[in-house]
Amino acid sequence: MPSRDMRSIIRQNGVPSLPDFRNLGTILRILIAVNAGALLVAFARDPAPAALFAGWTAMVTIVEPYLFIVLVVLWLGAPWLGRLRYGVAVGLVALVVVLAGLVTFELFRGIEVLSPAHVLVWIAWGLLATFGLLFYFELRARALSPALVEARLAALQARIRPHFLFNSINAVLSLVRAEPRRAERALEDMADLFRVLMRDNRELTPLADELELCRQYLELEQLRLGERLVVDWNLKSMPADALVPPLVLQPLLENAVYHGIEPSSAPGVVSINVFLTRGYVHAILKNPYRRDGGRHHAGNKMALANVRERLALHFDAEASLRSRVTRDGYEVHIRMPYRTADTDAAQRSSRGSAPGGGPRGNGSAVSRVRVTPLPYFDPRPTHA
């Protein structure tokens, strides 16, 4: 089952529901659609560039305040609207659009001459845009059905596992003859890691668990690379209870080791900095970088594209992944909204969903996920 945190993007049952008016992706789509619609109307009136720009500007001066009022009211009332039946909620949204049109008319009455006929036209356009957008979000919810998203997430996870297996086996093979006891312990660590990898990784997991997985993986790599791999952990401000997509950091650390550490015989530092600020979880990974790639090819950026797509499936436009070459290395910066099991349960309650829902309900296994306390993770630098 997909996580409940995806319910603002993915409808979990066959009953239609309003989009989440507090989701950044929803707001951006509404803004783009309404302004694009205004541009099309201006183009239909006069396609000449000068007239088109003047007409669109004149329309936007009224459309933007109108839209702003509607979005603010819907943002404030989103939790309450989510508890209502779809038909009732749609009726209230339409009422908000009508009242916002009347408020906008009052605001502009002293600035521009607007007859009652103009107001009715603006409200009619507002209602048309509202029903059109609700229809679009309904179609999008159907397209992002749980079955399709589960299949996509499973496919993305399946692409990650072979890389992890290959690198881990290489690390153990380097010890089999020289240090058999150490190789045996490494195999036990691999067994623990693969128990995590083989579970249902379509649901969100505590950040502390994801970082523990990263620590175990890097310890396996240190068996192979020795002193060439130095890991710098900066986790003092880490929100251990944050829910994140599984395997969101580990594939990027594989890239860091493969491209940043292996090509060089000199020691290199892989830096992991995780912190919480302004309601978002940030993870910044840094590693050495060689423009010529050293002994390795440049790579096809599969891990970056994979993680970026899974972030979009889970969080829509509220999450981002950026990578760049810096003066002293290569940096990947992930930003995710701060979600916890408690806040997720509160949001689910505000939407009127019953706990413990079935596969097609709003419930999922997130409520059963184990949140590991911060002391479970050892942030000390790991050296061979």
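Pro 116 lies in helix H4 (residues 116-143). Helices here (H or I, at least four residues) and strands (E, at least two) are DSSP runs, numbered from the N terminus. At 61% relative accessibility, Pro 116 counts as exposed. Buried means under 20% relative accessible area, exposed over 50%, and partly exposed in between (1.4 Å probe, protein chains only). Pro 116 and Phe 105 are separated by 11 residues in sequence and by 8.8 Å in space, C-alpha to C-alpha.

The model is predicted: local features need pLDDT of at least 70, side-chain atom pairs count only at pLDDT 80 or more, and totals for chains, interfaces and linings use all residues. Residues are numbered from 1 along each chain as its sequence is written, and side-chain values use heavy atoms, with hydrogens and water left out.

The chain has 10 helices and 7 strands. Of its 384 residues, 47% count as buried. Contact means heavy atoms within 4.5 Å. Among contacts between residues at least 6 apart in sequence, 78% join residues at least 24 apart.

Phe 105 belongs to the buried residues of helix H3. This helix covers residues 86-108, 23 residues in total. From first C-alpha to last it reaches 33 Å, close to the 33 Å expected at 1.5 Å a residue. The expected span is 1.5 Å times one less than the number of residues. Other buried residues of H3 include Ala 89, Val 93, Val 97 and Phe 108.

An open sheet is formed by 5 strands. Their order is E2-E4-E5-E7-E6, and the pairing is mixed. Two strands pair if DSSP finds at least two bridges between them. Strands E2 (229-234) and E6 (320-326) stand at the edges. Each has a single partner strand, so one side of each is left without a neighbour in the sheet. The twist averages 15° from one strand to the next. Axes are lines fitted to C-alpha atoms, for helices over the stretch in contact, and angles run from 0 to 180 degrees between N-to-C directions.

Strand E4 (residues 268-277) pairs with strand E5 (residues 280-287) in the antiparallel sense, over 7 bridges. Val 274 stands opposite Ala 283 in E5. E5 also pairs with E7, again antiparallel, over 8 bridges. Here the bridge partner of Lys 286 is Glu 331 in E7. E6 and E7 are antiparallel as well, joined over 7 bridges. Ser 323 stands opposite Val 332 in E7. A hairpin is formed by E6 and E7, with 2 residues between them. E7 is mostly covered, with 7 of its 9 residues buried.

Helix H7 (residues 207-225) lies across E2, E4 and E5, running at about 160° to E2. Helix H8 (residues 250-261) packs on the sheet and touches E2, E4, E5, E6 and strand E7 (329-337). The direction of H8 makes about 150° with that of E4.

H7 has 19 residues. Its reach from first C-alpha to last is 26 Å, close to the 27 Å expected at 1.5 Å a residue. Of the 19 residues, 17 are buried, so H7 is largely enclosed by the rest of the structure. Gln 216 is found in this helix. Gln 216 is buried, with a relative accessible area of 14%. Leaving aside neighbours within four places in sequence, Gln 216 is in contact with Asp 192 and Leu 193. Just after H7, Gly 226 takes a positive phi of about 65°.

The structure holds 2 aromatic pairs. Rings of Phe, Tyr and Trp (its six-membered ring) pair if their centres lie within 6.5 Å; planes under 30 degrees apart count as stacked, over 60 as edge-to-face and the rest as tilted. The ring centres of Tyr 289 and Tyr 330 are 5.8 Å apart and the planes stand at 25°, so the pair is stacked. Tyr 289 lies in the loop between E5 and helix H9 (302-315), and Tyr 330 in strand E7, so the pair ties together parts that are 41 residues apart in sequence. Tyr 289 is partly exposed, at a relative accessible area of 37%. Tyr 330 is buried, at 15%.

Charges also sit over rings. The criterion is NZ of Lys or CZ of Arg within 6 Å of the ring centre and within 35 degrees of the ring normal. The charged end of Arg 22 sits over the ring of Trp 75, 4.2 Å from its centre. Arg 335 lies over the face of Tyr 280, at 4.4 Å from the ring centre.
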